[in-house]
Amino acid sequence: AALLGVFTVFSRALRAHLRFEAEVLFPQMDGPFAGQRTTSRSLRREQGPIRDLLRDIERGLSRPDRQGVLGNLKELASAISLHHAKAQESLGLSRTACVAFSDNACFFAGRKRTGP
């Protein structure tokens, strides 16, 4: 139960980050950055499988045998790593600049930053 609780906190934070991307970051990418680099289309597509993995891991952790959880965690780590690298490349920004861009996007959208 403790492991499921910890993962649930992580899952909520990651889902908040994905919502931020969809609501704030992607619309900005499709505006001023359109045509210069990859638009948000492929990044948007990656969000579905990430959400599916989160759901599958939560279900697996709630079962006594926890079957398949380790494989799903490894797959999730790979998916997140690829998604992050692609987002940085699409924006042409360093990790530090990505965080600053996210902070500014939240400010201009009138929101508090909710995730990494």
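**A residue and its helix**

Reply: Phenylalanine 7 is found in helix α1, where helices are DSSP runs of H or I with at least four residues and strands are runs of E with at least two, numbered from the N terminus. This is a predicted model, in which local features need pLDDT of at least 70, side-chain atom pairs count only at pLDDT 80 or more, and totals for chains, interfaces and linings use all residues. Residues are numbered from 1 along each chain as its sequence is written, and side-chain values use heavy atoms, with hydrogens and water left out.

Me: Is phenylalanine 7 buried or exposed?

Reply: Buried stands for a relative accessible area under 20%, exposed for over 50%, and partly exposed for what lies in between, with a 1.4 Å probe and protein chains only. The relative accessible area of phenylalanine 7 is 9%, so this residue counts as buried.

Me: How are α1 and α3 placed relative to each other, roughly parallel or roughly antiparallel?

Reply: Two packed helices are described by the angle between their axes and the distance between the axes. The axes of α1 (residues 2–30) and α3 (residues 69–91) come within 13 Å and cross at roughly 25 degrees, the axes being lines fitted to C-alpha atoms over the stretch in contact, with angles running from 0 to 180 degrees between N-to-C directions. Angles under 35 degrees count as roughly parallel, over 145 as roughly antiparallel, 65 to 115 as roughly perpendicular and the rest as oblique. The two helices, α1 and α3, are therefore roughly parallel.

Me: Which residues touch glutamine 47, not counting those up to four places away in sequence?

Reply: Glutamine 47 lies in helix α2, which covers residues 41–61. Its relative accessible area is 4%, so glutamine 47 is buried. With that exclusion in sequence, the residues it touches are Leu18, Glu21, Ala22, Phe26 and His83.

Me: How many helices does the protein have?

Reply: From the N terminus on, the elements run α-α-α-α. The protein has 0 strands, and its helices come to 4.

Notes. Contact means heavy atoms within 4.5 Å.
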